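Please look over the sequence and the model below before reading the notes that accompany them.

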Amino acid sequence: MNKIKLTIDGKVVSGYPNQTILEVASDNGIDIPHLCYHPKLSKSGQCRLCVVRVGGKMLKASCTEFAMDGMDVVTEDEGIIAARKLVLGLLLQEGNHNCLYCEANGECELQRYCRMYQMEEPSRQIPFHEREVDYASSNALRRNENVCILCGRCVRACGELQVSNIWGFAERGHRTHLIADDDRRIGESNCVKCGTCVQLCPTGALSFQQVLGRGLNWELSKESSICIYCGVGCKIDFYTNPQGQLVKTMGNDEGPNKGQLCVKGRFGFDFTQSPKRLSKPLVRKDGVLSEVSWKEALDFVAAGLTKIKEEHGPDAIAGLSSAKCTNEENYLMQKFMRAVIGTNNVDHCARL
Ligand code: SF4
Ligand code: SF4
Ligand code: SF4
């Protein structure tokens with residue numbers, strides 16, 4: 001596809017004709033404030049925070065306006081700042097934002113832009129409809145609609161990425177609000193707890209239960225790893241608090257999962273720090289499981305397999321391998337069964 005050239009803030013940049021102004025700007029390292037836009041989702045042009053001036057005249061929503069050859073774009077001037085402050089002020093008036101009590105404090109995109117434009121507490125000129133918070137119906141998700149900015153990212157994330165279509169909007173005008181299914185609490189809906197909507201929500205309207213009270217966002221440290229639950233090999237960012245506790249997971253965009261996770265990868269990590277977790281090999285002695293060294297445990301298993309093979313032949317032994325292992329470990333397992341034990345009795349839990 002032929003490239004186009006346009007000017008953004010006096011700099012000549014290139015892009016493709018099917019890209020929006022915001023996408024071309026982003027590819028060229030120019031940050032245009034936005035809330036409803038997310039690169040993984042369809043464009044809705046809802047929030048109007050991303051307005052830019054095109055050709056020295058009208059303000060256009062850069063997330064939906066296509067870039068054109070020869071276009072002249074300005075991403076910030078006095079009028080644009082005034083428009084963005086108006087949008088932010090309306091969003092603040094429509095909700096009840098107190099960052100002190102909000103899970104998103106420190107990573108909230110609305111908070112970031114309010115600080116960027118030095119917003120002050122707006123006097124309320126439009127009605128605020130207080131909504132009941134839903135902190136308890138689900139053991140995975142929390143919902144506080146009083147800080148929801150109706151950006152629709154959760155609606156599109158659940159519909160377009162997860163394809164569960166749980167979230168939607170009900171009513172119209174200033175009464176518009178988020179609903180799950182046919183207006184149920186999230187724990188009573190058909191939500192499969194993938195967490196995609198929380199990951200993409202720009203505010204604290206949706207949050208995870210486990211992280212509650214276990215660390216401030218800016219205190220958490222991140223390590224990336226691979227999920228151990230199945231062979232897809234999703235890449236996960238694990239967040240730990242200063243006490244070393246694992247408190248949150250986020251899908252990593254660079255893995256085959258492209259940032260998404262299933263309920264196991266998203267929430268199934270509490271076992272890692274469970275006191276019940278087996279961390280040393282156990283061998284039953286006189287009917288009681290006792291801790292032993294790895295050498296003693298492996299010698300015990302080898303002696304048992306040798307005895308069965310000698311007394312009943314190799315086909316009396318079977319090996320069942322696991323999707324929780326790597327490909328290499330599974331390969332070694334079948335190799336061991338065939339070459340060392342001498343049987344083709346090999347299977348894998350993924351076939352169950
Ligand atoms: S959603 Fe953002 S701005 Fe609103 S209270 Fe939470 S952190 Fe503050
Ligand atoms: S957790 Fe997943 S399934 Fe549930 S509402 Fe969010 S995106 Fe949809
Ligand atoms: S819950 Fe979050 S993602 Fe959904 S509409 Fe509200 S602010 Fe946007």
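Predicted model: local features only at pLDDT ≥ 70, side-chain atom pairs only at ≥ 80, totals over all residues.

**Surroundings of ligand 2**

- Ligand 2 is surrounded by 14 residues, and the closest of these are Cys 158, Ile 166, Cys 191, Cys 194 and Cys 197.
- Two elements, α4 (153–161) and α5 (196–200), each give two or more residues to the shell around ligand 2.
- Sorted by class, the shell around ligand 2 holds nine nonpolar residues, four polar residues and one charged residue.

**The three-stranded sheet**

- Three strands form an open sheet in the order β10-β11-β12, and their pairing is antiparallel.
- Because β10 (221–226) and β12 (246–251) stand at the edges and have a single partner strand each, one side of each is left without a neighbour in the sheet.
- On average, and with direction ignored, neighbouring strands of this sheet are turned by 30 degrees against each other.
- The antiparallel pairing of β10 with strand β11 (residues 235–240) runs over six bridges, and Asp 237 in β11 is the bridge partner of Ser 224.
- In general, the strands of a sheet pair through backbone hydrogen bonds, in either a parallel or an antiparallel manner.

Technical notes. Residues numbered from 1 in each chain as written. Chains lettered and ligands numbered in written order. Pairing = 2+ DSSP bridges. Helix = DSSP H or I, 4+ residues; strand = E, 2+ residues; numbered from the N terminus. Axes fitted to C-alpha atoms, helices over the stretch in contact; angles between N-to-C directions. Near = placed C-beta within 6 Å. Nonpolar A, V, L, I, M, F, W, Y, C, P; charged D, E, K, R; others polar.
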